[in-house]
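I opened this model today to look up a few things and write them down in order. My notes start with a metal site and then turn to a sheet and a helix.

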Amino acid sequence: MKLDFSQVPLHDRAFSEKPMTFIDEGPKNFLAAILDLVAIETGNRTARENWQQSQLRNLLRHAAHRSAFWRERIGSGDIRDTALAELPILSRSDLTRQVEAEGPLLSPLDRIPTIKHGTSGSSGTPVQFFLSQMNLEYNAVRAAAQYFIEGRDLRLNSTRLRPVLTPSKNGFTVRTDDNPLGSLGPLIPGGIFKYIEYYNPNMEALCEELARDSIGYLLAQPTLIETMLQSVDPTFFKRAGTAMFNPRASAVDTELRDKFSSIGIPVRSTYSSEEVGSIGLECQANAGVYHVSTSNVLVEIIPDASVRTVSGTTGLVLVTHLHSYATPFIRYDLGDIATLADRCPCGHDGPVLSNIQGRSKALLKHPNGRVSTFYVRARELTAIAEFDEYRIRQIALDRIVVEIGGRDSLTPEETAAVVALIRRHAGDEFQVDVRAVARIDWGASVKRLGYRCELL
Ligand SMILES: [Zn+2]
């Protein structure tokens, strides 16, 4: 290995002016933490696995020591004899029980601040839990580490688009931060970080805003991009300086991925959850395959009755968050299904996940109990009718509701075409209700998934 900074765009005054100091403490610690994560995730497998086992034992010991809930689960025996696979699965309701009864398992004496956090509830019931300061710092370091792992250009801008529930002029607000590289800022002059929050945005104004500065890394939900592509050509994103598309919140459809790839914009997803942070990062060489974030989590796959498995390696995803000291996540059921393999075809010597599907959002349950994947592209709906937004929900075993937002009514032809489209994807056994609504009531859910199954 050659460690060399000739390709790292350092500031002219990047280094310290204090005696016997090379790099000032803030950026130095951040850089050292990046090095830690890269060494663990890309280095010797046995060393990594030994480190993970030590971290697991530390976590189990902490949980058993501080929590009656966990003592009961882990048992009072020697932690060294505890096998992860023998511990009970942690469901969302178990988690809620632990958090409500015991609060955070770090006290002020630990000198590690904790914050209460909750999921948005878009993938089921919202849950509350505690994160520690270390978890937040880890997330920032892990995000920055990916630039080094992939050799991404550190000088480019980042543009993050996030849906919110508050209306504003033109349907979006813009905030700009100086540096997307966090604490590396004093060392490396990154681009700008543009943060756009939107709610029914005026597409023309939004495109104008996006074109104002070079987009760089585009962090956005695929549904927004699909909606934008009704009014702009994919090459708009290229012209506006998009270097890479990093989809957020939901999986990106193959067609959208191909559209971007064909004009030279790679698509690179992240698999993460609000509870545990980074779980996997999409391989540069294999679309849909995610290198597990081994510096953060252990991942297990267990068989699940709702999944027809091709092999024993597809099933329910359980994660153990190695740094979950405030609220332990040990064998936590995320509600997703995926396939786990021991290593990546690209040569990466670490576990990889593929076929990741949110069990509760991407699947359809049939009256005969069978579960299948279900995905309707925004484009298929826009080919039928004009609208601002849409939502498809399975609300009963034989019933699917389609809401078309921004319309007072639909023509009988439009309604019939939507029903036919849904049946083509779901099957003829479903009754499909199509409703025109002025606005879709998303409730507290900011993720605004185009489809959600309310049964799983
Ligand atoms: Zn790979």
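I kept in mind that this is a predicted model. I began with the sequence, where the donor residues of the zinc ion follow the spacing C-x7-H-x52-C-x1-C. I then looked up the atoms themselves, and found that C283 (SG), H291 (NE2), C344 (SG) and C346 (SG) coordinate the zinc ion at 2.1 to 2.3 Å.

What arrangement do the 4 donor atoms around the zinc ion make? I noted that they subtend angles of 105 to 114 degrees, so the arrangement is tetrahedral. For reference, I wrote down that the ideal angle for four tetrahedral donors is 109.5 degrees.

Are C283 and H291 buried or exposed? Buried means under 20% relative accessible area, so C283 counts as buried at 4%, and H291 counts as buried at 19%.

Next I turned to the open sheet, whose 5 strands run in the order β4-β5-β3-β6-β7 with mixed pairing. I saw that β4 (172–177) and β7 (242–247) stand at the edges with a single partner strand each, so one side of each has no neighbour in the sheet. The twist from one strand to the next averages 15 degrees. I followed β6 (residues 216–220), which pairs with β7 in the parallel sense over 5 bridges, and found Y217 opposite M244 in β7.

Last, I looked up helix α6 (residues 203–212), which packs on the sheet and touches β3 (158–163), β4 and β5 (193–198). Its direction makes about 170 degrees with that of β5. Among the buried residues of α6 I listed M203, L206 and L210.

Methods: Residues numbered from 1 in each chain as written. Predicted model: local features only at pLDDT ≥ 70, side-chain atom pairs only at ≥ 80, totals over all residues. Heavy atoms only, no water. Pairing = 2+ DSSP bridges. Helix = DSSP H or I, 4+ residues; strand = E, 2+ residues; numbered from the N terminus. Axes fitted to C-alpha atoms, helices over the stretch in contact; angles between N-to-C directions. Contact = heavy atoms within 4.5 Å. Buried < 20%, exposed > 50% of the residue type's maximum accessible area, 1.4 Å probe, protein only. Donors = N, O, S within 2.8 Å, 3.2 Å for Na, K, Ca; no water. Tetrahedral: all angles 85-135°; square planar, octahedral: opposite > 155°, others 65-115°.
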